[in-house]
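This report describes a predicted protein model. Please view the sequence and the structure before reading on.

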Amino acid sequence: MKAEPDEQNEMAGGGEGEGGSKLTKKYAETYLKEVREMFEDKKYKYDMFLEVMKDFSTQRADIVCVMGRVKELLKGHSNLIQGFNLFLPKGYEISVDEEKASPEEKISEFDEAFDFITLIKERDEHVYLDLVNKHWGGAGRN
(Lines give C-alpha, C1' and ligand atoms only; values in the text may rest on other atoms or scores of the structure.)
Protein backbone atom coordinates (compact mmCIF):
# COMPACT_ATOMS: atom_id res chain seq x y z
CA MET A 1 0.00 0.00 0.00
CA LYS A 2 1.37 3.41 -0.95
CA ALA A 3 -0.23 5.41 1.88
CA GLU A 4 1.68 3.49 4.53
CA PRO A 5 5.18 4.93 3.78
CA ASP A 6 3.69 8.44 3.60
CA GLU A 7 2.17 7.98 7.05
CA GLN A 8 5.52 6.80 8.39
CA ASN A 9 7.31 9.77 6.85
CA GLU A 10 4.75 12.11 8.34
CA MET A 11 5.26 10.63 11.79
CA ALA A 12 9.04 10.59 11.57
CA GLY A 13 9.13 14.15 10.32
CA GLY A 14 6.73 15.48 12.93
CA GLY A 15 3.93 15.97 10.42
CA GLU A 16 0.48 17.28 11.17
CA GLY A 17 -1.12 13.86 11.39
CA GLU A 18 -2.29 12.59 14.77
CA GLY A 19 0.59 10.11 15.04
CA GLY A 20 3.13 12.77 14.01
CA SER A 21 1.95 15.31 16.56
CA LYS A 22 2.23 12.73 19.34
CA LEU A 23 5.80 11.96 18.29
CA THR A 24 6.59 15.66 18.09
CA LYS A 25 5.10 16.36 21.52
CA LYS A 26 7.12 13.55 23.06
CA TYR A 27 10.31 14.76 21.39
CA ALA A 28 9.55 18.35 22.43
CA GLU A 29 9.12 17.29 26.05
CA THR A 30 12.38 15.33 25.96
CA TYR A 31 14.18 18.22 24.29
CA LEU A 32 12.92 20.77 26.83
CA LYS A 33 14.04 18.48 29.62
CA GLU A 34 17.54 18.36 28.10
CA VAL A 35 17.65 22.15 27.83
CA ARG A 36 16.43 22.54 31.42
CA GLU A 37 19.05 20.07 32.67
CA MET A 38 21.80 21.80 30.68
CA PHE A 39 20.98 25.10 32.37
CA GLU A 40 20.21 23.65 35.79
CA ASP A 41 22.68 26.02 37.43
CA LYS A 42 21.64 28.94 35.20
CA LYS A 43 17.85 28.94 35.47
CA TYR A 44 17.63 32.41 33.92
CA LYS A 45 18.94 30.97 30.62
CA TYR A 46 16.24 28.30 30.59
CA ASP A 47 13.64 30.96 31.36
CA MET A 48 14.99 33.06 28.48
CA PHE A 49 14.73 30.04 26.18
CA LEU A 50 11.10 29.55 27.17
CA GLU A 51 10.45 33.26 26.59
CA VAL A 52 11.87 33.01 23.06
CA MET A 53 9.58 30.05 22.35
CA LYS A 54 6.61 31.94 23.75
CA ASP A 55 7.43 35.00 21.61
CA PHE A 56 7.53 32.79 18.53
CA SER A 57 4.30 30.94 19.28
CA THR A 58 2.45 34.23 19.87
CA GLN A 59 4.08 35.70 16.73
CA ARG A 60 5.88 38.47 18.61
CA ALA A 61 9.09 37.23 16.97
CA ASP A 62 9.70 35.86 13.49
CA ILE A 63 11.65 32.69 12.71
CA VAL A 64 14.89 34.51 11.89
CA CYS A 65 14.80 36.39 15.20
CA VAL A 66 14.05 33.19 17.09
CA MET A 67 16.92 31.38 15.38
CA GLY A 68 19.36 34.16 16.32
CA ARG A 69 18.24 34.25 19.94
CA VAL A 70 18.31 30.45 20.27
CA LYS A 71 21.76 30.26 18.68
CA GLU A 72 23.07 32.79 21.20
CA LEU A 73 21.40 31.07 24.18
CA LEU A 74 22.61 27.61 23.18
CA LYS A 75 26.08 28.70 22.06
CA GLY A 76 28.59 26.00 22.84
CA HIS A 77 25.92 23.28 23.05
CA SER A 78 25.88 21.99 19.49
CA ASN A 79 23.79 18.94 20.41
CA LEU A 80 20.99 21.22 21.64
CA ILE A 81 21.24 23.43 18.55
CA GLN A 82 21.01 20.40 16.29
CA GLY A 83 18.04 19.17 18.30
CA PHE A 84 16.35 22.55 17.94
CA ASN A 85 16.87 22.44 14.17
CA LEU A 86 14.40 19.54 14.02
CA PHE A 87 11.63 21.96 15.06
CA LEU A 88 12.43 24.53 12.39
CA PRO A 89 10.44 24.70 9.14
CA LYS A 90 11.99 23.25 6.01
CA GLY A 91 14.69 25.51 4.62
CA TYR A 92 15.71 26.94 8.00
CA GLU A 93 18.64 25.70 10.06
CA ILE A 94 20.95 27.13 12.69
CA SER A 95 24.54 26.43 11.69
CA VAL A 96 26.76 24.81 14.27
CA ASP A 97 30.35 26.02 14.38
CA GLU A 98 32.22 23.24 16.17
CA GLU A 99 35.71 24.47 15.30
CA LYS A 100 36.05 26.84 18.23
CA ALA A 101 35.06 26.21 21.82
CA SER A 102 33.02 29.02 23.28
CA PRO A 103 34.41 30.97 26.24
CA GLU A 104 31.66 29.36 28.33
CA GLU A 105 32.89 25.86 27.37
CA LYS A 106 36.50 26.82 28.13
CA ILE A 107 35.50 28.15 31.56
CA SER A 108 33.50 25.00 32.22
CA GLU A 109 36.46 22.78 31.30
CA PHE A 110 38.76 24.88 33.50
CA ASP A 111 36.30 24.67 36.40
CA GLU A 112 36.14 20.88 36.06
CA ALA A 113 39.94 20.60 36.00
CA PHE A 114 40.27 22.95 38.98
CA ASP A 115 37.68 20.97 40.95
CA PHE A 116 39.54 17.75 40.15
CA ILE A 117 42.90 19.17 41.28
CA THR A 118 41.27 20.53 44.45
CA LEU A 119 39.80 17.09 45.15
CA ILE A 120 43.24 15.49 44.76
CA LYS A 121 44.75 18.08 47.11
CA GLU A 122 42.06 17.41 49.73
CA ARG A 123 42.47 13.63 49.53
CA ASP A 124 46.26 13.36 49.36
CA GLU A 125 48.47 16.43 49.53
CA HIS A 126 51.57 14.39 48.61
CA VAL A 127 50.02 13.31 45.29
CA TYR A 128 48.96 16.92 44.71
CA LEU A 129 52.49 18.23 45.34
CA ASP A 130 53.95 15.56 43.05
CA LEU A 131 51.59 16.69 40.27
CA VAL A 132 52.42 20.34 40.80
CA ASN A 133 56.17 19.69 40.82
CA LYS A 134 55.99 17.47 37.75
CA HIS A 135 53.82 19.75 35.61
CA TRP A 136 54.52 23.25 36.86
CA GLY A 137 58.05 23.01 38.20
CA GLY A 138 57.22 23.41 41.89
CA ALA A 139 54.46 24.65 44.13
CA GLY A 140 56.35 27.62 45.51
CA ARG A 141 57.13 29.42 42.24
CA ASN A 142 56.82 33.20 42.29
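The text below covers the overall fold, the nonpolar core, the aromatic pairs, the salt bridges and one backbone angle.

**Basis and overall fold**

The model is predicted; local features need pLDDT of at least 70, side-chain atom pairs count only at pLDDT 80 or more, and totals for chains, interfaces and linings use all residues. Residues are numbered from 1 along each chain as its sequence is written, and side-chain values use heavy atoms, with hydrogens and water left out.

The protein has seven helices and zero strands, and from the N terminus on its elements run α-α-α-α-α-α-α. Helices (H or I, at least four residues) and strands (E, at least two) are DSSP runs, numbered from the N terminus. Of the 142 residues, 22% count as buried. Buried means under 20% relative accessible area, exposed over 50%, and partly exposed in between, with a 1.4 Å probe and protein chains only. The protein exposes about 11,100 Å², and carbon and sulfur atoms supply 53% of that area. Such areas come from the Shrake-Rupley method with a 1.4 Å probe; for residues, only the protein chains shown count as cover. Among contacts between residues at least 6 apart in sequence, 39% join residues at least 24 apart; a contact means heavy atoms within 4.5 Å.

**Nonpolar core**

A nonpolar core is a set of buried Ala, Val, Leu, Ile, Met, Phe, Trp, Tyr and Cys residues joined through side-chain atoms within 4.5 Å. In the largest one, which has 18 residues, Tyr-31, Val-35, Phe-49, Val-70, Leu-74, Phe-84 and Ile-94 touch the most other members. Two or more residues come from each of H2, helix H3 (43–57), helix H4 (63–73) and H5. H4 gives the most to this core, with five residues. Leaving aside residues up to four places away in sequence, Ile-94 touches Met-67, Val-70, Lys-71, Ile-81, Phe-84, Asn-85 and Leu-88.

**Aromatic pairs and a surface patch**

The search of the whole structure finds six aromatic pairs. Rings of Phe, Tyr and Trp (its six-membered ring) pair if their centres lie within 6.5 Å; planes under 30 degrees apart count as stacked, over 60 as edge-to-face and the rest as tilted. The rings of Tyr-27 and Phe-87 have centres 5.3 Å apart and planes at 40°, so this pair is tilted. Tyr-27 lies in helix H2 (residues 18–38) and Phe-87 in the loop between helix H5 (78–85) and helix H6 (103–123), so the pair ties together parts that are 60 residues apart in sequence. Tyr-27 is partly exposed, at 32% relative accessible area, and Phe-87 is also partly exposed, at 34%. Ring pairs link Tyr-27, Tyr-31, Phe-49, Phe-84 and Phe-87 into a cluster.

**Salt bridges**

The structure holds five salt bridges. A salt bridge is a side-chain nitrogen of Lys or Arg within 4 Å of a carboxyl oxygen of Asp or Glu. The table lists three of them.

| Asp-47 | Lys-43 | 3.0 Å |

Asp-47 and Lys-43 both lie in helix H3, four residues apart, about one turn of the helix. Asp-47 is partly exposed at 35% relative accessibility, whereas Lys-43 is exposed at 53%.

Asp-55 is buried, with a relative accessible area of 11%, while Arg-69 is partly exposed at 30%. Not counting residues up to four places away in sequence, Asp-55 touches Arg-60, Ala-61 and Arg-69.

Lys-75, at 39% relative accessibility, is partly exposed, and Glu-72 is partly exposed at 48%. Salt bridges that share partners join Glu-51, Asp-55, Arg-60 and Arg-69 into one network.

**A positive phi angle**

Gln-59 lies in the loop between H3 and H4. Its phi is near 65°, a positive value in a residue other than glycine. Gln-59 is exposed, with a relative accessible area of 71%.
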